[in-house]
Amino acid sequence: MSEIRIDHVSRWYRNVVAVNDVTMTIGPGVTGLLGPNGAGKSTLIAMMSGFLAPSTGTVTLDGEPLWRNEQVYRKLGLVPEREALFDYLTGRQFVVANAELHGLADPGAAAQRAIALIEMTDAQDREISTYSKGMRQRIKMASALVHDPAVLLLDEPFNGMDPRQRMHLMELLRTMGAEGRTVLFSSHILEEVEQVARQIEVVVAGRHAASGDFGAIRRLMTDRPNRFVLRTSDDRLMASVLLADASVRGARLRSEGGIELEASDFGRFSEVLPRLARAHAVRLHEVTPTDESLESVFSYLVAQ
Amino acid sequence: MSEMLSPTIVRLGVRSIFGRWRGALLFVLPLVLIALSILVRALVGQDATGAEHTLYGLGLVVIVPLVALLATSGLLAPEIDDGSISYLLAKPISRYTIVASKLLVAAACIVVFAAVPVLLAGLVLRTDDLGFGLGFGLGALAGGIAYCAVFAMLSVMTRHAVVIGLIYLLVWEGLLGGLLDGVRWLSVTRWSAELVDRVAGLELVDDLPLAYAVPALALVIVAGAWQTGRRLRAFNLTGDE
């Protein structure tokens, strides 16, 4: 049983913050790292796999630092997002080479086991340059699994897979999680994550936005108030009319014009707003959600 | 695994050099040198000055550094560029073992595609003086390996290792090395030429003690390899975000 602990970790590139004060623990079972593209998922995985130093904070695997510590790879397997492999090798040669580099006693047997696990036995003697995207993904999996690691990290593993391969990989990840391994994969597609992951960590704009199982995260999304800025032809009238409705929790007139609004029931609010505006002959110039954190992202994720 | 060398990385390295089009150039360069030497011998006959200029100007100054650049950049730069080096790095192997294994392949390329061809060219040009070919062969070997260490270090420090390497060769070793005498103190080619001078009894560089040239070559090899390993220990693999 292995555990990756991320403790108050930030990472910035010059003056761009990629990961902002994230604290999370990845334990046995399958964890999904969910977030839109550019949210910092790859940066987090790079730090969890020892390929990037945190700017502040610590990342450890069972108490051992991951940065500049090649011994951690004895129990850690990484499936990177990038496609590049040793194209001039066959699938089998590639996996055998990985087994040798791990110093395994019987690299050939370990490679065969890993190749069989990801169902690549038939194509193992073809050159990798002839592989499809999905096959490349699977041979990468085999190379990461060849030393039977306690921790497996996968960066966007479902990219480029057809539905059948996707189902097979999901099944494989579930099995590995059930065996007590610590499996973490990143995805920007909610539907993928909820099918496999017991635990979901949501990352948005470099921040750890939410944590829990799928139900908990959905509850978190819907319970949160929604904030908007409205610009209308009559801000004062519109604000007073909206405040009278149960879907609105607060409204404030901004000194620079416009209304800052907090809605408690998004569904009802979106229905009531145009109706009230028309009834009072107020023209809506602009309706902008200002709370960029969770629910806007969530709707984005669901819409994928 | 605490061995100095990894047979797997050596094997992969050999395949990666010859798996790319650059590998073919490695065969062309020494062939050009030997062909030219045969031509010089046929046209000029056995001529000490002509032989010296051919092996120094073409062999030591051009062929040796280019072979080193081709071999080393084929070994490290492509894997760093496309990220596939992560498959070597995500292993419980010392980074210095990775570098040493890669440099061993590069050194083997130097032997096969630079040192031995230079030796052969020397034997073609001067059948009367065995020391001439041997001296140049030895100089090519030592200089070539030092160049490999320099280019390996460049490969892990910048994505434009080949371009910077070429500029360094042309401007520093070539242009400035020819114009300014002082460059000899900081020039791999001049250091290896001093080695040639001693073995072959020539006068390619003036006023450069062997007691300086040899340690300088050794220092470049060791420091280059060490720095390459140090950079690999702190290798950043960032996604496409």
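Q: At what angle do α2 and α6 of chain B pack, and how far apart are their axes?
A: In this predicted model, where local features need pLDDT of at least 70, side-chain atom pairs count only at pLDDT 80 or more, and totals for chains, interfaces and linings use all residues, helix α2 (residues 22–44) of chain B packs against helix α6 (residues 95–125) of chain B at an angle of about 5 degrees, with the axes 9 Å apart. Residues are numbered from 1 along each chain as its sequence is written, and chains are lettered from A and ligands numbered from 1 in the order in which they are written.

Q: Roughly parallel or roughly antiparallel?
A: α2(B) and α6(B) are therefore roughly parallel to each other (an angle under 35 degrees).

Q: Which residues make the contact?
A: Among them are L26(B), L29(B) and P30(B) of α2(B), with C109(B), F113(B) and A114(B) of α6(B); contact requires C-beta atoms, placed from the backbone, within 7 Å.

Q: How does that contact divide by class?
A: The α2(B)–α6(B) contact has 16 nonpolar residues, 1 polar and 1 charged.

Q: Changing topic: how many residues does each chain give to the contact between chains A and B?
A: Chain B gives 28 residues and chain A gives 30.

Q: Which element has the largest share on the chain B side?
A: That is α1(B), with 4 residues.

Q: And the sheet in chain A: what is the strand order?
A: The open sheet of 4 strands runs β2-β1-β4-β5 with antiparallel pairing, where pairing needs at least two DSSP bridges between two strands. The edge strands are β2 (16–26) and β5 (64–65) of chain A.

Methods
Two residues are in contact if their C-beta atoms, placed from the backbone, lie within 7 Å. Helices (H or I, at least four residues) and strands (E, at least two) are DSSP runs, numbered from the N terminus. Axes are lines fitted to C-alpha atoms, for helices over the stretch in contact, and angles run from 0 to 180 degrees between N-to-C directions. Angles under 35 degrees count as roughly parallel, over 145 as roughly antiparallel, 65 to 115 as roughly perpendicular and the rest as oblique. Ala, Val, Leu, Ile, Met, Phe, Trp, Tyr, Cys and Pro count as nonpolar, Asp, Glu, Lys and Arg as charged, and the others, Gly among them, as polar.
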